[in-house]
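Please keep the sequence and the structure in view while going through the numbered points.

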Amino acid sequence: MVVGLMGLWYLAVSDRFIEPRERTAYAVFFLGVCATCLGSSYYHWAPRDATLAWDRLPMTLAFMSLLSAMISERISVTAGARLLWPLVVAGALSVAWWRWTGNLWPYMAAQYFTIFLIGWLVLAFPPNYTRSGDLLIVTGIYVLAKIAEGLDARIYSLTGWISGHTLKHLIAAAAVYWLLRMLRKRAPRVSKARLVFSPHARSVVH
């Protein structure tokens with residue numbers, strides 16, 4: 001929740017996006033992070049499938065909106081903006097499908113295949129901003145969070161005071177913070193197609 005609110009505050013005061021439309025996907029992402037805090041708290045307070053849906057639903061908002069942001073920054077701002085809401089709806093439907101049929105595969109695809117697509121976009125398409133490598137660090141931190149979740153009971157038996165699932169939440173928050181750190185520190189890249197040389201000055205005008 002804390003990191004999600006920090007991200008929303010940064011978006012409210014930042015003017016470091018090339019196009020204002022790029023801000024929307026990140027706003028949905030950080031809103032999804034905040035909602036995940038509430039949904040996860042609800043699930044842990046009363047763990048059952050009905051409450052688990054409210055844990056998983058906002059996570060799909062975060063994953064799908066981040067994919068939209070990567071499309072905007074690496075392929076087309078228009079394409080990313082147009083795909084944002086269809087992707088968000090598709091993520092929500094994957095959770096609804098699981099609740100209706102018990103089939104978890106669409107939700108798993110919404111999470112893991114989205115991560116794969118983001119990684120592919122990072123590696124295959126040139127970025128519009130610097131610090132692209134931070135996205136690989138974010139992915140690595142999230143993978144570490146999933147490993148901690150898989151070792152839930154073992155970590156608790158070793159420490160006697162903290163479980164792997166608890167660590168997953170903390171490490172995932174660190175991944176979100178690293179993404180926010182990237183947004184704060186990055187700068188637009190200069191593209192040859194966007195350069196205009198002034199005949200009266202040596203400087204380059206964007």
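This is a predicted model: local features need pLDDT of at least 70, side-chain atom pairs count only at pLDDT 80 or more; totals for chains, interfaces and linings use all residues.

1. T51 is buried, for its relative accessible area is 1%; buried means under 20% relative accessible area, exposed means over 50%, and partly exposed lies in between, using a 1.4 Å probe and protein chains only. This residue belongs to helix α3, which covers residues 49–74. Helices (H or I, at least four residues) and strands (E, at least two) are DSSP runs, numbered from the N terminus. Leaving aside residues up to four places away in sequence, T51 touches G39, Y42, Y43 and A46, where contact means heavy atoms within 4.5 Å.

2. Residues are numbered from 1 along each chain as its sequence is written, and side-chain values use heavy atoms, with hydrogens and water left out.

3. The protein chain contains eight helices and two strands. Read from the N terminus, the order of elements is α-α-α-α-α-α-α-α-β-β. The C-alpha trace spans about 70 × 40 × 30 Å along its principal axes. Of the 206 residues in the protein chain, 38% are buried. Among contacts with a separation of 6 or more, 67% join residues 24 or more positions apart.

4. Helix α5 (residues 105–124) has 20 residues, and the distance from its first C-alpha to its last is 26 Å, close to the 28 Å expected at 1.5 Å a residue. The expected span is 1.5 Å times one less than the number of residues. The buried residues of α5 are Y107, A110, Q111, T114, I118, L121 and V122. These buried residues pack against α3, α4 (77–101) and α6 (133–150).

5. Which residues does V95 touch, not counting those up to four places away in sequence? They are A53, R56, L57, T60 and Y107. V95 is found in helix α4 and is buried, with a relative accessible area of 4%. V95 and I18 are 77 residues apart in sequence, and their C-alpha atoms are 33 Å apart in space.

6. R131 lies in the loop between α5 and α6. The phi of R131 is near 65°, a positive value in a residue other than glycine. Most residues other than glycine have a negative phi. With a relative accessibility of 30%, R131 counts as partly exposed.

7. A search of the whole structure finds zero disulfides, a disulfide being a pair of cysteine sulfur atoms within 2.5 Å. For C34, the nearest cysteine sulfur is that of C37, 7.7 Å away, and C34 is in no disulfide. C37 is likewise in no disulfide, with the sulfur of C34 as its nearest cysteine sulfur. C34 counts as buried at 8% relative accessibility, whereas C37 is partly exposed at 28%.

8. The accessible surface of the protein chain comes to about 11700 Å², and 68% of it belongs to carbon and sulfur atoms. Such areas come from the Shrake-Rupley method with a 1.4 Å probe; for residues, only the protein chains shown count as cover. The chain has 20 positive and 9 negative side chains, and the centres of the two sets lie 7 Å apart. Lys and Arg count as positive and Asp and Glu as negative, while His and the chain ends are not counted. The place of a charge is taken as NZ of Lys, CZ of Arg, CG of Asp or CD of Glu.
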